[in-house]
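Take a look at the structure first, then work through the points below.

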Amino acid sequence: MRYKSVFDIIGPVMIGPSSSHTAGAARIGRVARTIFGVQPESVIISLYGSFAETYKGHGTDVALVGGLLDFDTSDTRIPLSLKLAKAANMNVTFIEEEAISDHPNTTRLQLKAGEKEMEIVGISIGGGTIQIVELNGFKLNLSGMNPAILVVHNDRYGSIAGVTNLLTKYHVNIGHMEVSRKEKGKVALMAIETDENISDEVIEEIKGLPNVLQVTRMID
């Protein structure tokens, strides 16, 4: 991992005690909330490795739930997030997993609201920096630090070019992009991080492209 500045190592302004176990966890929760689009009615939070061993003492539990409540890393309500989630009728279940994960600070979140469901896996890699590495079974590498769009599409010839050409048309620079699919010719996922926020106009045009099924925008 290459850090861009000393602040990536020190971590963001945050509610402590740990940048990796608290700030990073809050960011994972908030990115999950952003992608999900609504406050979940229930969430199962599976914790692996160091997260599973120390989550109560390091505030990982309250940070994850705070993020799901759309609290920033510096929000003073984070220590009260479990009570606030209960008051908001969000049912939260924690599971301490014994399985060995690729990274010691790993969590899997299963979110539900009505018929809407989502599963997301995130890791906290230090200094408040995170990576989203899986979404509904699709592998990806999303930092959550930059504006981004997630495009679910049919795995067809020209689908990727259609999106990138449209971004080029509007002078949107792509900082990072990857495509994941579970099976050839079925459904695929584009994760595109950009240097600037993408306007509503561009999002609507992307939604109108052939084979595009869903577009989710993450604003910096």
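Helix 6 and helix 7 run roughly antiparallel to each other, because the angle between them is about 155° and anything over 145 counts as roughly antiparallel. Keep in mind that this is a predicted model.

**How helix 6 meets helix 7**

- Helix 6 covers residues 159–169 and helix 7 covers residues 200–207, and their axes sit 10 Å apart.
- The two helices cross in a right-handed way.
- On the helix 6 side, the contact is made by Val 163, Leu 166, Leu 167 and Lys 169, while helix 7 brings in Val 202, Glu 205 and Ile 206.
- Sort those residues by class and you get five nonpolar, two charged and no polar ones.

**The nonpolar cores**

- The largest nonpolar core has 39 residues, and Ile 35 and Leu 109 have the most contacts inside it.
- Setting aside neighbours within four places in sequence, Leu 109 touches a whole list of residues, including Ile 28, Ala 32, Val 43, Leu 68, Met 118 and Ile 120.
- There's also a second, separate core of 15 residues, with Val 151, Val 172, Val 202 and Val 215 among them.

**Helix 4, tucked away**

- Nine of the nine residues of helix 4 (residues 60–68) are buried, so the rest of the structure largely encloses this helix.
- Among the buried ones are Thr 60, Asp 61, Gly 66 and Leu 68.
- After helix 4 comes Asp 70, which has a positive phi, near 75°.

Technical notes:
Residues numbered from 1 in each chain as written. Predicted model: local features only at pLDDT ≥ 70, side-chain atom pairs only at ≥ 80, totals over all residues. Heavy atoms only, no water. Axes fitted to C-alpha atoms, helices over the stretch in contact; angles between N-to-C directions. Helix = DSSP H or I, 4+ residues; strand = E, 2+ residues; numbered from the N terminus. Parallel < 35°, antiparallel > 145°, perpendicular 65-115°, else oblique. Left-handed = near helix turned anticlockwise from the far one by under 90°. Contact = heavy atoms within 4.5 Å. Nonpolar A, V, L, I, M, F, W, Y, C, P; charged D, E, K, R; others polar. Core = buried A, V, L, I, M, F, W, Y, C linked by side-chain atoms within 4.5 Å. Buried < 20%, exposed > 50% of the residue type's maximum accessible area, 1.4 Å probe, protein only.
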